[in-house]
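I set out to look up the aromatic contacts in this structure. My entries follow in the order of the look-ups.

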Amino acid sequence: LGGPDRVPSEVLARTDDAAGPRVLIPRRLAEPFLASARAVVALGETAEGTDPAGIVAVLAGQGPLRPSGEMRPVPVRSAMAQANSPATVAELSALSPGQAVLAGHATHLFSPETGAPTRQTASGWVRLSADEDTEFFPRTDPAVIVALVDEEDRLILGRSAAWPATRFSTFAGFVEPAETPEEAVVRELREEAGVVVDRVRYLGSQPWPFPRSLMLGYIASTSTPPVPDGEEITAVRAFSRAELRAAVAAGEVDLPGELSISRSLITAWLMSEEDSVES
């Protein structure tokens, strides 16, 4: 993962596979990049079984990564958007711990306590202070992501100010200090969609590498008409199941990618009966 002045946003990938980029790579293929790496993180043994000494390595470069042989840099978001089969989903899931750990390296090259340089240890999963007295572990940022359902059992989706006109998704936000995830759901939906939440139910979670989040998925219900805040969210729409399927089929609405928990929340609502959503 590369970029000296920002949280890593590119992944080193093999490009010799017709199925798409391969982000789990043996160490032998990463060798040309090791000299310029800020950090090398071991993610486990290669699944290929052809290189017993090889490990899966994800790199943070000192500068922009450049193609070398069968390897080339791929933007993380682009790579994850290509997850369209169980094999590629498993492959690209490695980006979550890889980017999260390397984000920790990118932001802790120096001790926040003393300003002295730190070094990596524990196969790249920890940074150590110069006096070897303090360990700095990668941090995780909890965030909530919510499928909002109104009193007519319609799914309410929002469009971010940065998105194209056809893209809609569930609502999300980071959990603030001293706040429970459920309190974050209530606050975020009030802030972004202007609704009062009646009920909240937890459905599942997903690590998300932008840059080091743990997405906690919920479904919430409201009887309040939604109103976008006009800053983060510029539009909201309510869909019945038939309306959402028709809008997607017609190209009027683009949903999140298959790899995201947002898409899983939408799919869970689409596949559910009204009484199970409300229970």
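**Aromatic contacts**

I found the charged end of R241 over the ring of W269, 4.5 Å from its centre. For this entry I required NZ of Lys or CZ of Arg within 6 Å of the ring centre and within 35 degrees of the ring normal. R237 likewise lies over the face of F168, 5.8 Å from the ring centre.

I note that the model is predicted, that local features need pLDDT of at least 70 and side-chain atom pairs pLDDT 80 or more, while totals for chains, interfaces and linings use all residues. Residues are numbered from 1 along each chain as its sequence is written, and side-chain values use heavy atoms, with hydrogens and water left out.

Next I looked up ring pairs, taking rings of Phe, Tyr and Trp (its six-membered ring) with centres within 6.5 Å; planes under 30 degrees apart count as stacked, over 60 as edge-to-face and the rest as tilted. The count is two aromatic pairs. F168 and F239 are edge-to-face, because their planes stand at 80 degrees, with ring centres 6.4 Å apart. I placed F168 in the loop between β9 (155–160) and β10 (171–174) and F239 in strand β13 (residues 233–239), 71 residues apart. Strands are DSSP runs (E, at least two residues), numbered from the N terminus.

I then checked burial (buried is under 20% relative accessible area, exposed over 50%, partly exposed in between; 1.4 Å probe, protein chains only). Both F168 and F239 are buried.

The rings of Y202 and Y218 have centres 5.4 Å apart and planes at 70 degrees, so this pair is edge-to-face. Y202 lies in strand β11 (residues 197–208) and Y218 in strand β12 (residues 213–222). Y202 is partly exposed at 44%, whereas Y218 is buried at 3%.

Note on methods. Helices (H or I, at least four residues) and strands (E, at least two) are DSSP runs, numbered from the N terminus.
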